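This report describes a disulfide and a sheet for a reader new to the structure. Please view the sequence and the model before reading on.

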Amino acid sequence: QVRLVESGGGLVQAGKSLRLACAHSETIFSIITMAWYRQAPGMQRELVARITYDGDTEYAASVKGRFTISRDNAKRTVYLQMNSLKPEDTAVYYCAADWDPATMEVGDWGQGTQVTVSS
């Protein structure tokens, strides 16, 4: 049973930074694509960024240039560095494991961590 443990959310002022982390419980981490999603109140869950096993990345247009996804395969952890945060970045952020580029299906979800950006 895969466990994803997220950390790093919180309340921050606009313009500041936060770093989210998601620890994966299984060694398969090193060969799967990982992703971060977010869901704001009343909105659908959206893909924020994804990273392949070998470090290829892709970002939503709304975060490109501000957010950076990275991974440490030795620690089985994926990160989301969020800079220049805006109030519209406020959402619950979810770690997603084993993201399929063909179907965009996710194998496992984290529990979610709240990010709140005040103006």
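Cys22 is buried, because its relative accessibility of 0% falls under the 20% cut-off. In this predicted model, Cys95 also has a relative accessibility of 0% and therefore counts as buried.

These two cysteines are bonded to each other: Cys22 and Cys95 form a disulfide, with 2.1 Å between their sulfur atoms. The pair joins distant parts of the chain, 73 residues apart, with Cys22 in strand E3 and Cys95 in strand E9. The torsion about the S-S bond of Cys22 and Cys95 is about -75°, so this disulfide is left-handed. The structure contains 1 disulfide. In general, a disulfide is a covalent bond between the sulfur atoms of two cysteines.

| Cysteine | Strand | Strand residues | Relative accessibility |
|---|---|---|---|
| Cys22 | E3 | residues 18-24 | 0% |
| Cys95 | E9 | residues 91-97 | 0% |

Strand E3, which holds Cys22, also belongs to an open sheet of 4 strands. The order in this sheet is E1-E3-E8-E7, and the pairing is antiparallel. Strand E1 (4-7) and strand E7 (67-72) are the edge strands, each pairing on one side only. From one strand to the next, the twist averages 15°.

Within the sheet, E3 pairs with strand E8 (residues 77-82) in the antiparallel sense over 6 bridges. Leu18 has Met82 in E8 as its bridge partner. Strands of a sheet pair through backbone hydrogen bonds, in either a parallel or an antiparallel manner.

Methods: Residues are numbered from 1 along each chain as its sequence is written. This is a predicted model: local features need pLDDT of at least 70, side-chain atom pairs count only at pLDDT 80 or more; totals for chains, interfaces and linings use all residues. Side-chain values use heavy atoms; hydrogens and water are left out. A disulfide is a pair of cysteine sulfur atoms within 2.5 Å. Helices (H or I, at least four residues) and strands (E, at least two) are DSSP runs, numbered from the N terminus. Buried means under 20% relative accessible area, exposed over 50%, partly exposed in between (1.4 Å probe, protein chains only). Two strands pair if DSSP finds at least two bridges between them. Axes are lines fitted to C-alpha atoms, for helices over the stretch in contact, and angles run from 0 to 180 degrees between N-to-C directions.
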